[in-house]
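Subject: Structure for your review

Dear colleague,

Please find the structure below, together with its sequence. The notes that follow set out what was found in it.

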Amino acid sequence: MRFRLRHKAAAGFATLLLPFAGLVGLASPAQAATSATATYTKASDWGTGFEGKWTVKNTGTTSLSSWTVEWDFPSGTSVTSAWDADVTSSGTHWTAKNKSWNGTLAPGSSVSFGFNGTGSGSPANCKLNGGSCDGTTVPGDAAPSAPGTPTASDVTNTSVKLAWSAATDDKGIKNYDVLRDGAKIATVTTTSYTNTGLTAGTDYSYSVQARDTADQTGPVSGAVAVRTTGGTTDPPPTGGKVKLGYFTEWGVYGRNYHVKNLVTSGSASKITHINYAFGNVKDGKCVVDDTYAAYDKAYTADQSVSGTADTWDQPLRGNFNQLRQLKAKYPHIKVLYSFGGWTYSGGFAQAAANPAAFAASCKAVVEDPRWADVFDGIDIDWEYPNACGLTCDTSGPAAFKNLMSALRSSFGSDYLVTAAITADGSTGGKIDAADYGGASAYVDWYNVMTYDYFGAFDADGPTAPHSPLTSYSGIPTAGFNSADAIAKLKSKGVPSAKLLLGIGFYGRGWTGVTQSAPGGTATGAAPGTYEAGIEDYKVLKTSCPATGTIAGTAYAYCGTNWWSYDTPSTIAGKMTWAKNQGLGGAFFWEFSGDTAGGELVSAINSGLQ
């Protein structure tokens with residue numbers, strides 16, 4: 001979804017610099033041979049939350065090998081997300097430890113880390129490496145580093161062997177805590193452990209944490225996802241909401257993302273539906289687009305969901321066969337064939353001229369005897385009826401309703417019939433251009449594309465979040481946010497339960513930006529792996545971590561690049577909002593933008609419970 005309207009606006013946040021010594025009555029920093037200071041500032045405050053920043057400075061004459069900052073917040077004030085440090089809490093006491101790459105500080109050098117928080121309190125009782133934050137006390141013994149991310153081997157129905165590279169510490173490592181799904185299950189003195197007594201066909205996540213001879217624990221390692229063998233089925237996600245993801249046909253090429261990735265990431269057990277994208281629309285008919293990827297590409301045993309290699313003469317291979325195997329393993333999943341999309345929507349004008357013929361052609365594709373058991377319905381992604389997308393459509397306001405009516409008549413009540421639709425909530429915008437209210441009588445739900453509102457298709461900005469949940473002061477275009485779009489669709493008679501909130505598993509970004517807050521000018525699109533101005537969440541979470549939030553979504557400023565994207569934290573907020581609105585659930589574009597462990601899918605699943 002791309003919106004070309006441009007309204008210039010500037011937005012900024014007042015910066016409040018509050019040295020921590022001033023907050024808690026400490027004396028001015030004093031020099032010592034191995035001394036250091038920790039100073040706190042509140043970088044911005046937007047009423048419902050704030051951005052805090054700590055700066056650690058080596059004020060001594062010898063290098064500092066690591067740092068740990070501790071402080072207390074009053075009840076009601078807490079950290080919601082952080083960057084450039086590992087931040088944990090115990091009640092109202094907060095601890096921040098350096099990352100593996102920013103722990104060493106030469107004399108006179110400094111490092112900063114930040115966080116987003118809620119509440120109005122200020123930090124108190126600061127400690128730096130166990131000593132005073134004002135530099136008058138020599139910092140204490142350094143905590144150990146993070147061990148390497150565990151690797152898994154010898155996976156069976158009930159056990160898995162884990163191994164990891166050792167952590168380092170100036171006093172020596174005493175032992176390691178093994179964590180399963182975040183909870184400690186064992187303490188060992190070696191760098192390996194075999195976990196037994198597991199359940200067949202179950203997903204687990206393992207990480208480890210080192211402890212030194214002074215009983216200090218270091219940061220937790222990265223996590224490895226493990227699924228035990230056996231157990232051919234998984235219980236469906238709970239909560240009664242639709243949790244739908246798009247799987248792209250072309251993703252099996254450059255992105256190297258396959259149906260089996262839904263299993264190894266743990267995502268398959270946390271979704272309810274998949275939209276397979278995209279079939280093409282040609283000559284007023286539905287057609288398979290890439291036949292090789294769809295039903296001919298051969299998979300080896302290790303690439304296959306079932307663990308069985310494709311043969312040269314089997315009747316169905318490719319993505320369709322992998323989806324069949326996925327459904328056998330996860331019977332709760334329903335798969336819909338999605339037709340159109342941004343690139344192929346130009347074919348809908350001819351389809352709308354004869355809706356019955358179009359619907360019949362679509363049913364013939366979906367019910368092809370080679371894969372009739374794979375698909376449970378059809379999704380139409382027309383961008384946009386009686387409005388402009390890649391091309392401009394002039395089919396009239398009734399065309400979309402007529403098309404969806406014909407599809408329902410052709411497919412009947414045994415199939416799902418859905419549509420991805422515009423989220424333009426502006427007055428006289430794309431929602432107003434077609435009869436979405438009338439068409440809703442024929443669909444099971446709408447995938448409301450509540451993303452791509454703003455981006456570097458407006459090369460000079462202003463910078464703005466591409467998926468704002470609500471409006472905000474300085475938003476470039478009124479009505480370009482999820483709340484306004486959902487409200488408008490409801491006002492047109494679309495039931496809340498037939499609306500799914502859209503989540504993008506990617507960010508949109510600009511370059512040449514000189515300010516962190518939204519509303520800045522730019523010189524063009526930020527570099528992206530596959531397309532300028534667009535990057536996957538799995539890349540952005542480490543290459544340009546979030547530095548703030550606005551309107552229920554996150555943004556990040558690094559160098560001269562400015563990105564906006566959703567994180568597990570902002571997705572949790574959006575899912576709460578969706579439930580409060582009575583929506584039918586959520587959907588996302590698309591699986592391959594998520595991390596290898598499926599953390600965004602997990603956030604949607606958890607948020608809709």
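A residue is called buried here if its relative accessible area is under 20%, exposed if over 50%, and partly exposed in between, with a 1.4 Å probe and protein chains only. By that rule Y565 counts as buried, because its relative accessibility is 1%.

As to provenance, this is a predicted model, in which local features need pLDDT of at least 70 and side-chain atom pairs count only at pLDDT 80 or more, while totals for chains, interfaces and linings use all residues. Residues are numbered from 1 along each chain as its sequence is written, and side-chain values use heavy atoms, with hydrogens and water left out.

Aromatic residues

Y565 has a ring partner in Y537: the two form an edge-to-face aromatic pair, 6.0 Å centre to centre with 65 degrees between the planes. Rings of Phe, Tyr and Trp (for Trp, its six-membered ring) pair if their centres lie within 6.5 Å; planes under 30 degrees apart count as stacked, over 60 as edge-to-face and the rest as tilted. Y537 lies in helix 12 (residues 537-543) and Y565 in strand 30 (residues 561-565), so the pair ties together parts that are 28 residues apart in sequence. Helices (H or I, at least four residues) and strands (E, at least two) are DSSP runs, numbered from the N terminus. Y537 is also buried, since its relative accessible area is 4%.

Across the whole structure, the search finds 46 aromatic pairs. Another edge-to-face pair is formed by W71 and F73, at 6.0 Å centre to centre and 85 degrees between the planes; both of these residues are buried. Ring pairs also link F247, Y257, Y276, Y295, F320, Y337, F339, W371 and F375 into a cluster.

One member of that cluster, Y295, has the charged end of R370 over its ring, 4.8 Å from the centre. A charge sits over a ring if NZ of Lys or CZ of Arg is within 6 Å of the ring centre and within 35 degrees of the ring normal. K297 likewise lies over the face of Y299, at 5.3 Å from the ring centre.

R408 and D444

What joins the side chains of D444 and R408? A polar contact of 2.7 Å does, where a polar contact is a pair of N or O atoms within 3.5 Å; within protein, one must be able to donate a hydrogen and the other to accept it, and residues adjacent in sequence count only if both atoms are side-chain atoms. R408 is found in helix 8 (residues 399-411), whereas D444 is placed in the loop between helix 10 (436-439) and strand 23 (445-448). R408 is buried, with a relative accessible area of 18%; D444 counts as partly exposed because its relative accessibility is 28%.

Leaving aside neighbours within four places in sequence, R408 is in contact (heavy atoms within 4.5 Å) with S413, Y415, V417, Y442, V443 and D444.

About 800 Å³ of space lies in the second largest pocket. On a 1 Å grid over the protein atoms alone, a cavity is a set of points where a 1.4 Å probe fits but cannot get out, and a pocket is an open set with protein on both sides within 12 Å along at least five of seven lines; lining residues have an atom within 4 Å of a point. Grid points are joined across faces, edges and corners, and a volume is the space filled by probe spheres set on the points.

The lining of this pocket has 29 residues, of which W250, R508, E531, I534 and W589 lie nearest its centre. Two or more residues each come from strand 17 (242-248), helix 5 (341-344), strand 25 (506-511) and strand 27 (534-536). Helix 5 gives the most, with 4 residues.

Backbone points

A cis peptide bond joins W589 and E590, with omega about -15 degrees, and another joins G461 and P462, with omega about 5 degrees. N125 is not a glycine, yet has a positive phi of about 60 degrees; N125 belongs to strand 8 (residues 124-128) and counts as exposed, at 52% relative accessibility. D452, also not a glycine, has a positive phi of about 65 degrees, and is buried, with a relative accessible area of 6%.

Yours sincerely
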